[in-house]
Amino acid sequence: MSAGWEIVVGIETHAQLLTRSKMFSGASTAFGATPNSQASAVDIALPGVLPVANRAAVECAVRFGLAVDGRINPRSTFARKNYFYPDLPKGYQISQYEQPIVQGGEVKVGGKTVRLTRAHLEEDAGKSLHEGRDTTGIDLNRAGTPLLEIVSEPDLRGAAEAVAYARTLHSLVMWIGVCDGNMQEGSFRCDANVSVRKIGDRRLGTRCELKNLNSFRFMEQAIEFEAARQIEILESGGKIVQETRLYDPDRNETRSMRTKEEAHDYRYFPDPDLLPLVVTEDMIERARASMPELPEAKSERYVRSNVPAHIAALLTTSRDKAEFFERSLSAVDVARFPRIPESIANTIVGDVAASLGNAGLSFAESPLSPEDLARLQTRVADGTISGKIAKELLRAKFEGEKAAIDEIIEKRGLRQISDAGAIEKAVDEVLAANAKQVADYKAGKERAFNSLVGQVMKATGGKANPAQVNEILRRKLGG
């Protein structure tokens, strides 16, 4: 990409709200049903039907507003957004325009604050299924599903920052329990508004909206391609046309779908079938009382428990992971072992997360329980086992070992050797058998010392206390 250009991105996110029924009808929102089996008369606007707003969806929007410190409007209105598309059965979408339920707010991404313009309630459209070259099927099961559209200001700079924001928002809506975040099922979808401008220029360039960004990887690739496309056009003397573009991951390119509409093209007007939406202070306070501790506050609390800030940030990327950490921590004696919170945290974001990823499991499904991890780290802290043995025990749990941690230690004879005489004997044997490495160390080659430590650990089956091995070796080698 040419130097001297800045990429400016704003993100529009559609989060499907966790409700059992649709935004304006009692039809089910369950995923995977037979096509067109969950489209009610209200969802397709048959004559004589009247929509009724879903209270649970409104409560989800209120929770989100509280989570991002936005202004929850006591009175908001629904509007009809008019456009034609084959999977839009009414010929209009019920949305919110002039008076959204949430205005403003912010999301912190790393050390940056991203401003939110608004979050508004709306209903989803159906889905077009392209089945072969000449056939498109229409499934209206999704029509009427409740969505919260979250619109950011164009505060993001570059593809990586845009993806970091999307990931943070994805974690947040799952954390507060308003969306399951399943991108494969379309529960969390993002569109990116991308423009470029010369570095130092305060004016925003002409933007293009990118669709079909159904993974964070595709989002990053699409923004990078689109920015490069726009820069190439501008550097050759052309102009950017404001339009909606579709990202093709197979070709890693964007292509024009349609000229980008402005608000007046949709002919918004208040929905005559729906009363204004009134959110009372009592509803807001009930939602506030039910809110979980938010990731930022939880991360700050972990730092006060001797967890490094970057590890605390990783622990709070998902609620399951944070709860796993807290359950582990509640099962250890922190007063006796004040550094154990850091050890537990490091193991969770390292070995446990990696093992779960390899097995395709969530933290809630972990074969190593939080109590297992607490016992494991306690046994390392009190000198019963070494860190290496702890890794072996963790691996054993993921391989199907059902016994308790202490039982496995005794059954397999894994207790750490802390007897100074036994370790000294092993050190003497290693030194006698490795004269060249001894000479290399005395000649100033520190790596030779590490090799000797490894030989002693091997000779003791990994059971020798590493600190004692180091101390005895240095004494024997004269420093």
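**View 1. The second largest pocket, at about 690 Å³.** This is a predicted model, so local features need pLDDT of at least 70 and side-chain atom pairs count only at pLDDT 80 or more, while totals for chains, interfaces and linings use all residues. Residues are numbered from 1 along each chain as its sequence is written, and side-chain values use heavy atoms, with hydrogens and water left out. A pocket here is an open set of points on a 1 Å grid over the protein atoms alone, with protein on both sides within 12 Å along at least five of seven lines; a cavity is a set where a 1.4 Å probe fits but cannot get out, and lining residues have an atom within 4 Å of a point. Points join across faces, edges and corners, and volume is the space filled by probe spheres set on them. The second largest pocket has 22 lining residues, and V107, K108, T168, P295 and E296 sit nearest its centre. At least two lining residues come from each of α1 (55–67), β7 (106–109), α2 (159–175) and α5 (295–303); helices (H or I, at least four residues) and strands (E, at least two) are DSSP runs, numbered from the N terminus. The top contributor is α5, with five residues. Sorted by class, the lining of this pocket comes out as 10 nonpolar, six polar and six charged, where nonpolar is Ala, Val, Leu, Ile, Met, Phe, Trp, Tyr, Cys and Pro, charged is Asp, Glu, Lys and Arg, and polar is the others, Gly among them.

**View 2. The largest cavity, about 40 Å³ of space.** Search the whole structure for cavities of 30 Å³ or more and you get one. Its lining is made up of D43, L88, P89, K90, Y92, Q93, E123, D124, A125, A143 and G144. That set splits into five nonpolar, two polar and four charged residues.

**View 3. Helix α2 and the glycine after it.** There are 17 residues in α2, and the run from first to last C-alpha is 24 Å, close to the 24 Å expected at 1.5 Å a residue; the expected span is 1.5 Å times one less than the number of residues. The buried residues of α2 are A159, A162, V163, Y165, A166, L169, H170, S171, L172, V173 and W175 (buried is under 20% relative accessible area, exposed over 50%, partly exposed in between, with a 1.4 Å probe and protein chains only). G177 follows α2 with a positive phi near 75°.

**View 4. M219 in helix α3 (residues 216–235).** M219 is buried, at 1% relative accessibility. Skipping residues up to four places away in sequence, M219 touches I11, A162, V163, A166, C190 and L213; contact means heavy atoms within 4.5 Å. M219 and N252 are 33 residues apart in sequence, with their C-alphas 11 Å apart.

View 5. D248 belongs to strand β15 (residues 243–248) and counts as buried at 11% relative accessibility. Beyond its neighbours within four places in sequence, D248 is in contact with E253 and R255. N212, 36 residues away in sequence, is 7.8 Å from D248, C-alpha to C-alpha. N252, in the loop between β15 and β16 (253–259), isn't a glycine, yet its phi is positive at about 50°; N252 is partly exposed, at 35% relative accessibility. N306 is another non-glycine with a positive phi, near 75°. N306 lies in the loop between α5 and α6 (309–315), and at 33% relative accessibility is partly exposed.

**View 6. Two cysteines, C179 and C208.** The disulfide count is zero, using a cut-off of 2.5 Å between a pair of cysteine sulfur atoms. For C179, the nearest cysteine sulfur is that of C60, 9.2 Å away. C179 is buried, with a relative accessible area of 2%.

**View 7. Helix α9 (residues 370–381) and its cover.** This helix has 12 residues and spans 16 Å between its end C-alphas, close to the 16 Å expected. Its buried residues are P370, D372, L373, A374, L376, Q377, T378 and R379. Among the elements covering them are α7 (319–330), α8 (340–359), α10 (387–398) and α11 (405–411). Just past α9, G383 has a positive phi of about 85°.
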